Every structure is written in C-alpha cells, then in structure tokens.
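Dear colleague,

I am passing on the structure we spoke about, together with some notes on what I found when going through it. Please read the notes with the coordinates open beside them.

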Amino acid sequence: MNDAQTLAVEVAAIEQVTPLIKHFTLTSADGGALPAFSGGSHIIVVMRGALRMHRNPYSLLSSPHQLDAYEIGVRRMEESRGGSHFMHDQVRVGSRLEIAHPVNLFGLDKIARKHVLIAGGIGITPFLAQLEDLHDGTVPYELHYSVRSPEHAAFLNRLREREDDKVRMYYDSETQAVDFDGLLSNQPLGTHVYVCGPAGLINRVITTAKSCGWPDSHVHWEQFSAPPVGDAFDVFLARAKLTVHVPPDQSLLESIEAAGVEVPYLCRGGVCGFCQTRVLELDGELLHNDHFLSDADKARGKNIMPCVSRARCKNLVLDL
Amino acid sequence: MNTLFKPDETFRDDFSYRNSAQAIRRFPLPFPEDDYMYSVNIEPHVSGPKGSVVEFAFDVDEHYVAECRERELVLAAEPLRFQALPHMLSAQWDCLELIMESLARDYPAHFSLARRSNHWRWINRPLGLDQQFIFGDVDTLPRQPLDYIGRQAQGDFVVMDQREGDLWTEAGMVTTQADWSLDFDIGMTFKEWHGPVPLAHEMSVFDRALKYLLNLRLGQPVRRLNWTMTVHPRLDTSPENYPKWGPDRATVTAQNAGDLVHLRVELQGLWRLPRSNAIVFGVRCYLISMRELATVPKWARRMHRVLENLHPALVDYKGLTRYRDAVVEWLAPYDDGKPTSPGTAPE
C-alpha cells in the first residue's frame, strides 16, 4: 500500500482506561461511514510527527456492526520509538490522523465448532470486536482475559455490560492464572484457540496446544512487534543504487521509506510477510524479529522483513 | 456508457447474439503481444478509459438484459448452479452490497439504491425490479442474497472463504463458465480448484497467485483477463451439459469458422469483502465471433499468430484441438505479415 490509499479520520474522543492504555474513537473526517470490517482486523495509523513519520498497527476493538466510528486502544510502550508516545502525548480530541483500510490477519475460523479466546493485557482489543459477532451467533465460545491487576483491566466495563458468563478474568495481583493445560487438554474436536498478548503468553499457548495434540491450523495468534531499537547500520539498495543509514530508533523499513523508496507492506508488525525482501549480500548477521519466516528461513539468511528486523553488519545489500 | 439493450438476443438454439460496432471496438482483447503464455497478469482494478469494459467495477453492456434472461433459464433447469455453504451467508451479503453499490453508483440511469440504516430499497429499471428489504435479514429477500443479486449481474461469481492460509471455494453462481462446475468444485482449496490447469503449477503460478490473493486488501480490487474459444455464442458451456455443446466442435470448417467460432474472454475481478473477510471472484464472459474480430485488422493478425503458435498443452486444455487448424486457416487471409503495434488497442 501507499499513503494515497489512506482514509482521513478525526479523533472524536480519548479516554484513559488504565494507567497505560488510552482508548481513541476515530470518525471519518468527512462525516460519512467508515468501511465495514471483520472482527480481528487492524488498521495502520499514520502519524506525522515534527521530526518523523510513524505508522503503527492497532486492532479495531469497536463493533463491526457500528461504522460511524472506529475505536482502538493504545498502550504506552516503555521502550517506544515514538509511535505510542505520539498517540498518548500529542494527539488530542479534534486531531486529524490518516489510517489505512482495515486488514484482517486474525479472523475467526468460520467453520470452527467452538472458539477459545485468550487475551493478555492490551491483547484484548481484537477480541472485543469479535465478541460482537460471537454473541449473537450459535457457535460456543469462551474468553480468558488476564491482566496485572484490576486497575490494568482495560475495557472491563464493556465486558461487564455484556453480562457475558463466558468471559473469565484473571488478575496476576491476586495470583490467578489461566490453567493452560486444563483448558487446552479438554476441548471438543473442531475447537479453535486464539491468543493475543505478550510474547510469553503466546508461546505458552502454542507450546501447550502442541503438547496436547492440537493441529497447527486450529491455533491462531497475533502479536504486532514494535520494531525494536538497535545499533545503527547501513544498507545498500541494489536496484535504487542507494545507501541508506538506519539509525538506532528507526526501523529498516522506515529508513528506506524516508530515503524515498517504496516497499509494499501490510501490517508493519512482522506478521503478514508482505514486505519480505531478498538479501543479496551480507557480511555480518541479520537480527530477525518477525513472526513470519520459519526458523530455518531465518537461519538461511536469504530474506528479511524490514518492518521489524535489523542487522549487525559491515555490509548489507537488499534487492530493492 | 449510454447503453441500448438488445433484450431479444439468445445464447442457445438460434444463437442470435451479435456485437454492435461499438461493442466490437471495446472488446477486451487478451493478447498484448503476438505470442501467448501464462503470466500472473494481475493489475489493480481501477477505473479504466471511458467507455472501456473496465471503466466501472462491473461492466453493464448491450447484452445485459439478454444475459440475465439466459441465466434464469440455466438456473431454472439446474438449481445447483447457485450454491452457498451455510458459513458463507455474511459473504453473500457483502457481495450483494458490493454489486448494488457499484451498479447504482456507476449506472444511475439504470439502478438505484437507497439505504436508511438497515432498510434498503433497490431499483433495477432494465429488469423492472423494485425491492425493499432489511440488510442482514434473509427473510426479507425473495432469495438468498447472492442468488438474488447474481441474477441481476452479468458474469459468474465465486466466493472464497479465507482460512488456514488458503482460499476455499464455498459459494457461487456459475452459469456462464468455460467448462468447469461449481457443483464439482465447491469446498475445494485454491490449488485443488485449479488442479486441471496444465503447465501453470510447474511455473508456480498458483503459489504466487495464492500468496498475492491472501493479502488482497479491502478497497483495492484487482483484475486479470483469461481466454478460451467457444463454438457458437454459447454462454453456458458447462461439464453438466457437455453433450449439448461438445459435438459442435466437430462442425467447424475453414469455411464456417468465421461465424461459428468465438473468442471467449473472461474479465476476472477479485474483491476483498469487508464483513466476512472472504474474497469474491467475478468472471465476466465476453464473446466475439472471428468475423466480428476480423473487422479490426490488427486483432485479426494477432489472433492468427497467437493461435498458430499456441503451446500444444494449452490447445488441448482450452478444448481447441479439433478446430484450431480450421480457425487458423480462416484467419490466414487477414494476416499480411505486417508487424502489430504493442498493446491491445484496435489502432
């Protein structure tokens, strides 16, 4: 995609819902309806800061049946490279932002016999939209939502309003934890499990599901990696015949874009594989941070996801 | 386009279908060069030149009324030409919205759509329909959503659910197909569905196409052209009815090929659907006889060269084996050996 295909939105409301999470309501700048979407979709929010541009993915948490506004939750990241800080500190009610059309990389399986949803912290957001579809459907589901403490339970009111007995809360502060073995070893055939939250939670669910004999096709997860901060390095773009410097707090993709070279992308979080780029030469090592390439592919070092991955190298040449 | 419909045309029995001079000029020739081989020839489905078949999302042309009537005949005889698995209902509504919105926006003289929240009113003037219904409530329409709107559009529609990193053919309305069957293919994955296509698998065309389509974006539809040939302007060349049209291929001679043999071009469009996250694959069929095509000298030269040099596996797959030589012979006098200009424009 490129920015010509973004939608202009206005921030209609901002609410601090936990010490770390702000809830933003976005309406179309022209006052019309926003595009319909499916539960689990995310949007890319384009933020034009004074010094640089940020493009961050956020799951839509609002109901897919309500198209007069989109809602997102933004957690303030401690090691932010600026995107979440921009949303928290500089965006006000009335601010204009650009967003890309929704993309769904985390949809509910339509032929599942049952859905088990597992959320950790800010990972609740895609499930809030999906619950709207599940609530009136006939497919059984359950949601397990764990947070640090009651004050960190974002959108708890919204869950309580639903009076949904299929939602179960777990508070670390009260030493409550999901019994993953119990949960995943005792589900009917045709159940799909979905997990969104911190890496530790996702890995725990994936490994537990595997040991319980779940087929990979029934285990779904989504975690948008923020591009990590790292050491600066230089990259040569073979087709553009251009050397690009990648500073510590900017991603490889952002640096290439800032140099005026377009790279196709969708999620900017290491999930979709759309920005996969061929590595033509490398003297050093690639620091893969994506969830798309297999371990074997990462070891082979022939491809890189510039949205989240970096390099520690003397020389790196990309097929761009 | 200022369309004058030809409601009495037929695609069976006396085959009275013809293209006007205007329809010939806008025919979507699928050969940008004098040679043909597969490619993943996908491009954004954006608005093309005024009057062209890609000016709008769905092309409505002079054959609209006649094609809708032909479709009704096929569905009445074989109801399984429309099928939708139960989990595809939201995708059916998405299709209905896409088609109604597009037609009403692009052809306001022929179609209109009024939406007040979920209460919709749809007017189709060429077919004389005026329908009020509640979007999302199947009981307020005379048929299932795709069955309802599919009968009011030219071309076939196949709806694919996306899951497990694949696309599953799980709903559709298919009455103008080039020898494939929805009833046979329903429930198949993307590569199973395309299993019979020769050479393309070895060229990993389907690996690349699938990867591309899994990332197809909302609001950014794409299109491509495909082609084959058909004896008589027959829209419904289905496997189910092979005994009705298969033998026609034995009747082609170098003398009658100009009138009997038609180039059959599919304008294929792919849209991501918003609520269901499914993909709808539209296959719009255009037919032109060799005699009509030969009124454009460049096209006659190019058609002659493409057919003469076509890879033998493609000749077989497209079902041309019995009559390709006759068509080449009929076209030969139109090929003076001069070079053709690049692109498909008539010159």
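I begin with a pair of helices in chain B, H11(B) and H13(B), whose crossing is left-handed. Please keep in mind throughout that this is a predicted model.

Helix H11 of chain B covers residues 297–309 and helix H13 of chain B covers residues 324–331; their axes come within 9 Å and cross at roughly 150°. Since angles over 145 degrees count as roughly antiparallel, H11(B) and H13(B) are therefore roughly antiparallel to each other. On the H11(B) side, the residues that meet the partner helix are B:Ala300, B:Met303, B:His304, B:Leu307 and B:Glu308, while H13(B) brings B:Arg324, B:Val327, B:Val328 and B:Leu331 to the contact. By residue class, this contact of H11(B) with H13(B) divides into six nonpolar residues, one polar residue and two charged residues.

Turning to chain A, the chain is divided into domain 1 (3–104), domain 2 (114–222) and domain 3 (233–318). The C-alpha centres of domain 1 and domain 2 of chain A lie 24 Å apart, and the contact takes 15 residues from domain 1 of chain A and twelve residues from domain 2 of chain A. On the side of domain 1 of chain A that touches domain 2 of chain A, the residues divide into six nonpolar, eight polar and one charged.

The strands of chain A deserve a look as well. Strand S1 (residues 7–16) and strand S2 (residues 21–28) of chain A run antiparallel and are joined by seven bridges, and with four residues between them S1(A) and S2(A) form a hairpin. Within the pairing of these strands, A:Glu10 stands opposite A:Thr27 in S2(A). Strand S2 of chain A also pairs with strand S5 (residues 70–75) of chain A, again in the antiparallel sense, over six bridges, and here A:Phe24 stands opposite A:Ile72 in S5(A).

Finally, there is the question of how the chains meet: how many residues does the contact take from chain A, and how many from chain B? The contact takes 19 residues from chain A and 13 residues from chain B, and on the side of chain A that touches chain B the residues divide into eleven nonpolar, six polar and two charged.

How values were computed
Residues numbered from 1 in each chain as written. Chains lettered and ligands numbered in written order. Predicted model: local features only at pLDDT ≥ 70, side-chain atom pairs only at ≥ 80, totals over all residues. Domains from an automatic or database assignment. Contact = placed C-beta atoms within 7 Å. Nonpolar A, V, L, I, M, F, W, Y, C, P; charged D, E, K, R; others polar. Pairing = 2+ DSSP bridges. Helix = DSSP H or I, 4+ residues; strand = E, 2+ residues; numbered from the N terminus. Axes fitted to C-alpha atoms, helices over the stretch in contact; angles between N-to-C directions. Parallel < 35°, antiparallel > 145°, perpendicular 65-115°, else oblique. Left-handed = near helix turned anticlockwise from the far one by under 90°.
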